[in-house]
Amino acid sequence: FFLLLLRTFRTLGALLLMQDIRGEVARRMLYVDPSDTEDDLRWALRLIVSETDGDCAFLLRKSTREGGAQIQQWWDQAEDLSDGEVNALWDCLEQLHQHGAVPLRDLVKLTDDEKAQSAPLLRLGLAKILSAYVDAGQGDEYYLCWGTKKRISASLPPDDAFLQAIAKIKIGAIKTLEYEATLTRLATTDGLTRLYNRHHFTEC
């Protein structure tokens, strides 16, 4: 009975923590200057890692608007991966999500074939990973991932619904940044020649 009660309190505590993190991320990212969006994306990733006893969090975005596929990446602390490494990581996550949502995945218990497929994740030194996929439409896809190097964590890890909610907040901030950039470009360039107009030089 006491073990059941302890697990219940632990689960409730984790749910309240996730709600607090979601609220804090939303407050900071939806009501700030768009020029700070890049810093805020990384801040939100660091917050998730520190509050959930994780070791790594990253956001990947694949855009095919301009014909070719381009992948952007944001990490909590680590430096960006090379183009080849981030493409391999994207392909790996795509394979994991082929059959729908991926719950918390124990990378240590993978079979040899699964380890070969998950090599880009294993190279990050992670023992467990949770990832959420969001198709934002208009040729934009995202993966938000959380990972830990610990086999046994001191706290409950985040769940898929939490990562989905955080990913949508981040996507909203990215789209706001791009919308602002588009408006600025339209206001300061000539629609026919694409050259800077009078408004551009006035603002300078």
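Me: What does R105 pair with in a salt bridge?
Reply: The side chain of R105 meets that of E114 in a salt bridge, with 3.4 Å from N to O. A salt bridge here is a side-chain nitrogen of Lys or Arg within 4 Å of a carboxyl oxygen of Asp or Glu. The model is a predicted one, in which local features need pLDDT of at least 70 and side-chain atom pairs count only at pLDDT 80 or more, while totals for chains, interfaces and linings use all residues. Residues are numbered from 1 along each chain as its sequence is written, and side-chain values use heavy atoms, with hydrogens and water left out.

Me: How exposed are R105 and E114?
Reply: R105 is partly exposed, with a relative accessible area of 23%, and E114 counts as partly exposed at 27%. Buried means under 20% relative accessible area, exposed over 50%, and partly exposed in between (1.4 Å probe, protein chains only).

Me: How many salt bridges are there in the whole structure?
Reply: A search of the whole structure finds 5. One of them joins D106 to K109, whose closest N and O atoms are 4.0 Å apart; K109 is exposed, with a relative accessible area of 61%.

Me: And what about D53, which side chain does it meet in a salt bridge?
Reply: D53 meets K150, at 3.7 Å from N to O. D53 lies in the loop between α2 and β1 and K150 in the loop between β5 and α6, so this pair ties together parts that are 97 residues apart in sequence. K150 counts as partly exposed at 28% relative accessibility, and D53 is partly exposed at 22%. Salt bridges that share partners join D53, D55 and K150 into one network.

Me: Where is Q138, and is it buried or exposed?
Reply: Q138 is in the loop between β4 and β5. At 66% relative accessibility, Q138 counts as exposed.

Me: What does D76 touch?
Reply: Leaving aside residues up to four places away in sequence, D76 touches R42, L45, R46, V49, D55, C56 and A57. Contact means heavy atoms within 4.5 Å.

Me: Now the fold. How many helices and strands are there?
Reply: The protein has 7 helices and 5 strands, and along the sequence they follow the pattern α-α-β-β-α-β-α-α-β-β-α-α. Helices (H or I, at least four residues) and strands (E, at least two) are DSSP runs, numbered from the N terminus. Among contacts between residues at least 6 apart in sequence, 60% join residues at least 24 apart.

Me: How much of it is buried?
Reply: Of the 204 residues, 37% count as buried.

Me: Which residues touch the most other members of the largest nonpolar core?
Reply: They are V25, M29, L59, L144, F162 and L163, out of 29 residues in that core. The elements α1 (2-30), α2 (37-51), β1 (56-63), β4 (128-137), β5 (140-148) and α6 each supply at least two residues of this core, and α6 gives the most, with 8 residues. Apart from it lies another core, of 19 residues, among them L89, L121, I129 and Y143. A nonpolar core is a set of buried Ala, Val, Leu, Ile, Met, Phe, Trp, Tyr and Cys residues joined through side-chain atoms within 4.5 Å.

Me: And F162, what does it touch?
Reply: Not counting residues up to four places away in sequence, F162 touches M18, I21, R22 and I48.
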